[in-house]
Amino acid sequence: FYLIQFFGIIVKNIWNKRENTGGKKNFTLPVVAMASKQDGLTQMKKIVSYLMTRQDAVPFREPVDWRQLQIFDYPQIVKRPMDLGTIKKKLENGEYRTPAECAADIRLVWENCMIYNQDGSDYYRLAEKLSKKFEDKYAKVSNKEVSSAIDDDKVPTLEEKLLFEQMIYRLRAEQTGEVVLTLDQRCPDCLAKVDGDELEITVDVIDPRTFHDVFRTLQSYVPEFSTKNKKKRRKRT
């Protein structure tokens, strides 16, 4: 049974906000971006950059200018226009929550082309070709996501729980607040308000998936600390 105690105005203010709004229903919690998702989106940026630099992908780099091309039926046939340049901007602006959302837009680029152009035409075959190139590269990203999801269902080890506790004590005040907010949203039973400014987090109550997500966030906050612990584990083996 592991208990982590926090002291400080950040945690106290979080709980006071909840009390002032009359309970959990009206308390909006920000979502902390998890490291695994960010890694996947970083890979998607690389894939989009690769596609953008291909000479044969020039027709897909910008929105279809159907007026200039005088294809006036394009808006009636293609209901959801999409292009690689728009996807690149959305990635840069953080508009995708997951790699899968980005992949859906990339697939839409090829699908639109194949819907509008006749099967067997140059543009149709080009869309098929680029679609295959994309799927080959995206398979590596999606496989990592599946592998990560499987690992996240594993019960945390004793060593991971201890490291979880040690990393939390290294956080800055605002980082501690974000972690607490995430736990409150996904696993409120692990939190308990006690005397005054004190908040207790019962690690054993946190479900495996939430634990591993927050664990990765902690590692991103204190990477030097997690690196030191990895070196210690290597020395013991």
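1. The model is a predicted one, in which local features need pLDDT of at least 70 and side-chain atom pairs count only at pLDDT 80 or more, while totals for chains, interfaces and linings use all residues. Residues are numbered from 1 along each chain as its sequence is written, and side-chain values use heavy atoms, with hydrogens and water left out.

2. The protein has eleven helices and three strands, where helices (H or I, at least four residues) and strands (E, at least two) are DSSP runs numbered from the N terminus. Read from the N terminus, the order of these elements is β-α-α-α-α-α-α-α-α-α-β-β-α-α. Of the 237 residues, 38% count as buried; the term means under 20% relative accessible area, with exposed meaning over 50% and partly exposed lying in between (1.4 Å probe, protein chains only). Of the contacts between residues at least 6 apart in sequence, 73% join residues at least 24 apart, a contact being heavy atoms within 4.5 Å.

3. The second largest pocket has a volume of about 400 Å³. On a 1 Å grid over the protein atoms alone, a pocket is an open set of points where a 1.4 Å probe fits, with protein on both sides within 12 Å along at least five of seven lines, and lining residues have an atom within 4 Å of a point. The volume is the space filled by probe spheres set on the points, which are joined across faces, edges and corners. Its lining holds 17 residues, and Pro 59, Val 64, Leu 69, Tyr 74 and Tyr 123 are the ones nearest the centre. Helix α6 (residues 99-116) contributes the most to this lining, with four residues. By type, the lining divides into twelve nonpolar, two polar and three charged residues (Ala, Val, Leu, Ile, Met, Phe, Trp, Tyr, Cys and Pro count as nonpolar, Asp, Glu, Lys and Arg as charged, and the others, Gly among them, as polar).

4. Six aromatic pairs are present in the structure; rings of Phe, Tyr and Trp (its six-membered ring) pair if their centres lie within 6.5 Å, and planes under 30 degrees apart count as stacked, over 60 as edge-to-face and the rest as tilted. Trp 66 and Phe 72 form an edge-to-face pair, because their ring centres are 6.4 Å apart and their planes stand at 85°. Phe 134 and Tyr 138, by contrast, are stacked, at 5.5 Å centre to centre with 15° between the planes. These two residues are separated by about one helical turn, because they are four residues apart in helix α7 (residues 122-152). Phe 134 is buried at 0% relative accessibility, and Tyr 138 is also buried, at 7%. Elsewhere, ring pairs link Phe 164, Phe 211 and Phe 215 into a cluster.

5. Ile 77 belongs to helix α4 (residues 74-77) and is partly exposed, with a relative accessible area of 36%. Apart from neighbours within four places in sequence, Ile 77 is in contact with Ile 115 and Tyr 116.

6. Gln 70 sits in the loop between α3 (66-69) and α4, and at 58% relative accessibility this residue is exposed. Most residues other than glycine have a negative phi, whereas phi of Gln 70 is positive, near 60°.
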